Amino acid sequence: MAPAQNPVSSKHVAVIGAGAAGLVAARELHREGHSVVVFDREKQVGGLWIYSPKAESDPISLDPTRSIVHSSVYESLRTNLPRECMGFRDFPFVPRDDVSRDPRRYPSHREVLAYLEDFAKEFEIEEMVRFETEVVRVEPVNGKWSVRSTKSGGFSDDEIFDAVVVCSGHYAEPNLAHIPGIESWPGKQMHSHNYRLPNPFKDEVVVVIGNFASGADISRDISKVAKEVHIASRANGSDAYEKLPGNLWMHSQIDVARGDGSIVFENGKVVYADTIVHCTGYKYYFPFLETNGYMSVDDNRVEPLYKHIFPPALAPGLSFIGLPAMGLQFYMFEVQSKWVAAVLSGRVTLPSIENMIEDLMLSYETLDALNIPKRYTHKLGKSQCEYLNWIAEQCGFPHVEHWRDQEVVRGYMRLGSQPETFRDEWDDDELMEEAYEDFARQNLITFHPSRFLESGR
Ligand SMILES: Cc1cc2nc3c(=O)[nH]c(=O)nc-3n(C[C@H](O)[C@H](O)[C@H](O)COP(=O)(O)OP(=O)(O)OC[C@H]3O[C@@H](n4cnc5c(N)ncnc54)[C@H](O)[C@@H]3O)c2cc1C
């Protein structure tokens, strides 16, 4: 990356969203000397982590007139990774001396929200946020960006910014499984986005589609009150069939749903189910974005995007934080934001449009050569550290710490091998120790690491 030729300049930047991504983007932009306005339609910071007992009026979120609820958090949700590796680099997510807080290594969703509120307070970010203000249109105008927003009372405003950083999240627009015959199937359906509590499934036979983080959690949550829970997963082979402990069964994916209420799995088994719960992920969705056809979302690939952040011909005025799916979410938001802030100030320059497009085409060719479906374009999985370290190098940020990388690897292995107990029984004390020693060395914690290591369970 070539050093900037021009003097560092301050820009007027709009950030859409005050979730984890928007909060750290605002901090990094502000630190770099930009003036920042953050828009969020919620009343408070935290995004996805603001639990709402209310779900959307349409349980599968297809009705375009439904009431929108942003959060997908369910009452029993605890983090799916250890807290040490979840936090921002210079603001570790460690237990607080406060009885109202959750000190566990895999804390509840409330503790994550409290951490984000602490972060916003520490870096005075709330002052930059316009709450209850929805961005309804973003478009390029004469080299700048026009942003139209609507206040909850209905008042609408058009403003001009030098740049827009999109941090609107991508866990609010459900993706439903395609099930042959579902039109005539008489049962109820729900997407995990609208799942909150198991009570409505009492004594029911439930089919849960999907068995990654949410699917594994929700099927076990429901099994506490339901008669039977059958998990259908396309990750299983077509003959897969296994009785799990309790009232749970594991199957292949669904072959067909029938008008008599039955669900037929590819393994040939048949169950008469009351409800199907789709734990089948989400779609990228940017209803406010107007780029005259330059950008699109096709089969869940947002394109064209250089390094999942910059649309080449619209960069650096438009950028996206948080698109890739990977374990180190908050860390990724932080490093991506540092790069965007540095590019906007002119301290770091991007390659030419042609070179960015060439790089992008090469990345698509690599996916094709590896037979990775288009819908997984933004799923980085094992290459997450390579990606994060590459961005870090662009803006002079250190590489991912050894313990952080390994906690994710070992954490996901545990999630696969011991889905019921991975949050309370672990085998990587040495990584936790390395993390706390690292925090202590940098004076990021005020207590001796041994205190937490003794009482973290
Ligand atoms: C069920 C579930 C569990 C998860 N568990 C973990 C975990 O344990 N650990 C982990 O690291 N990650 C987890 N994740 C991933 C999680 O998404 C990220 O950690 C992170 O919180 C996402 O932050 P974000 O800022 O990108 O999006 P969000 O938190 O969704 O924030 C986006 C914000 O943008 C606002 N917004 C959207 N559109 C507009 C608009 N047009 N105008 C104004 N405001 C707008 C929304 O109101 C929201 O506040 C989980 C995700 C899900 C769905």
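Which residue in β6 does Ser146 stand opposite? The second view below has the reply. This is a predicted model, in which local features need pLDDT of at least 70 and side-chain atom pairs count only at pLDDT 80 or more, while totals for chains, interfaces and linings use all residues. Residues are numbered from 1 along each chain as its sequence is written.

**View 1. The whole protein has ten helices and 19 strands.** Helices (H or I, at least four residues) and strands (E, at least two) are DSSP runs, numbered from the N terminus. The radius of gyration, taken over C-alpha atoms, is 23 Å, close to the 23 Å that the globule rule gives for 457 residues, so the protein is as compact as a globular protein of that length. That rule is 2.2 Å times the number of residues to the power 0.38. Along the principal axes, the C-alpha atoms fill a box of roughly 70 × 55 × 50 Å. Buried residues make up 40% of the 457; a residue is buried if 20 or more other C-beta atoms lie within 10 Å of its own, exposed if 12 or fewer, and partly exposed in between, with C-beta atoms placed from the backbone. Two residues are in contact if these C-beta atoms lie within 7 Å. Of the contacts with a separation of 6 or more, 63% link residues 24 or more positions apart.

**View 2. Three strands form an open sheet in the order β4-β5-β6.** Their pairing is antiparallel, and two strands pair if DSSP finds at least two bridges between them. At the edges sit β4 and β6 (156–161), each pairing on one side only. From one strand to the next, the twist averages 20°; it uses axes that are lines fitted to C-alpha atoms, for helices over the stretch in contact, and angles that run from 0 to 180 degrees between N-to-C directions. Strand β5 (residues 144–151) is joined to β6 by six bridges. Here is the reply to the opening question: Ser146 stands opposite Ile160.

**View 3. Strand β7 (residues 163–166) has buried residues pointing both ways.** In a regular strand the side chains alternate between the two faces of the sheet. Ala163 and Val165 point one way, Val164 and Val166 point the other way, and all are buried. Strand β1 (residues 12–16) runs parallel to β7, joined by four bridges, with Val15 opposite Val165. Three bridges also join β7 to strand β19 (residues 318–320), again in parallel, and here Val164 has Leu318 as its bridge partner.

**View 4. Strand β9 (residues 205–209) is mostly covered.** Four of its five residues are buried. Five bridges pair β9 with strand β10 (residues 228–232) in the parallel sense, and Val208 has Ile231 as its bridge partner in β10. In the loop between β8 (188–191) and β9 you can find Asp203. Most residues other than glycine have a negative phi, and most peptide bonds are trans. Asp203 has a positive phi, near 65°. Asp203 counts as exposed because it has 9 C-beta neighbours inside 10 Å.

**View 5. The peptide bond from Glu303 to Pro304 is cis.** Its omega is near -10°. Glu303 lies in strand β18 (residues 301–303), while Pro304 belongs to the loop between β18 and β19. With 14 C-beta neighbours inside 10 Å, Glu303 counts as partly exposed. Not counting residues up to four places away in sequence, Glu303 touches Met295, Ser296 and Asp298. Leu360 is 57 residues from Glu303 in sequence, and their C-alpha atoms are 9.3 Å apart in space.

**View 6. The loop between β18 and β19 also holds Lys307 and Pro316.** Phi of Lys307 is positive, near 55°. Lys307 counts as partly exposed because it has 18 C-beta neighbours inside 10 Å. The peptide bond from Ala315 to Pro316 is cis, with omega near 0°.

**View 7. The ligand is surrounded by 32 residues.** A residue is near a molecule or strand if its C-beta atom, placed from the backbone, lies within 6 Å of it. The closest are Gly17, Gly19, Ala21, Gly47 and Gly169. At least two residues of the shell come from each of α1 (20–31), β4 (133–141) and α5 (329–345). Of the elements, α1 gives the most, with three residues. By class, the shell has 15 nonpolar, 13 polar and four charged residues. Ala, Val, Leu, Ile, Met, Phe, Trp, Tyr, Cys and Pro count as nonpolar, Asp, Glu, Lys and Arg as charged, and the others, Gly among them, as polar.
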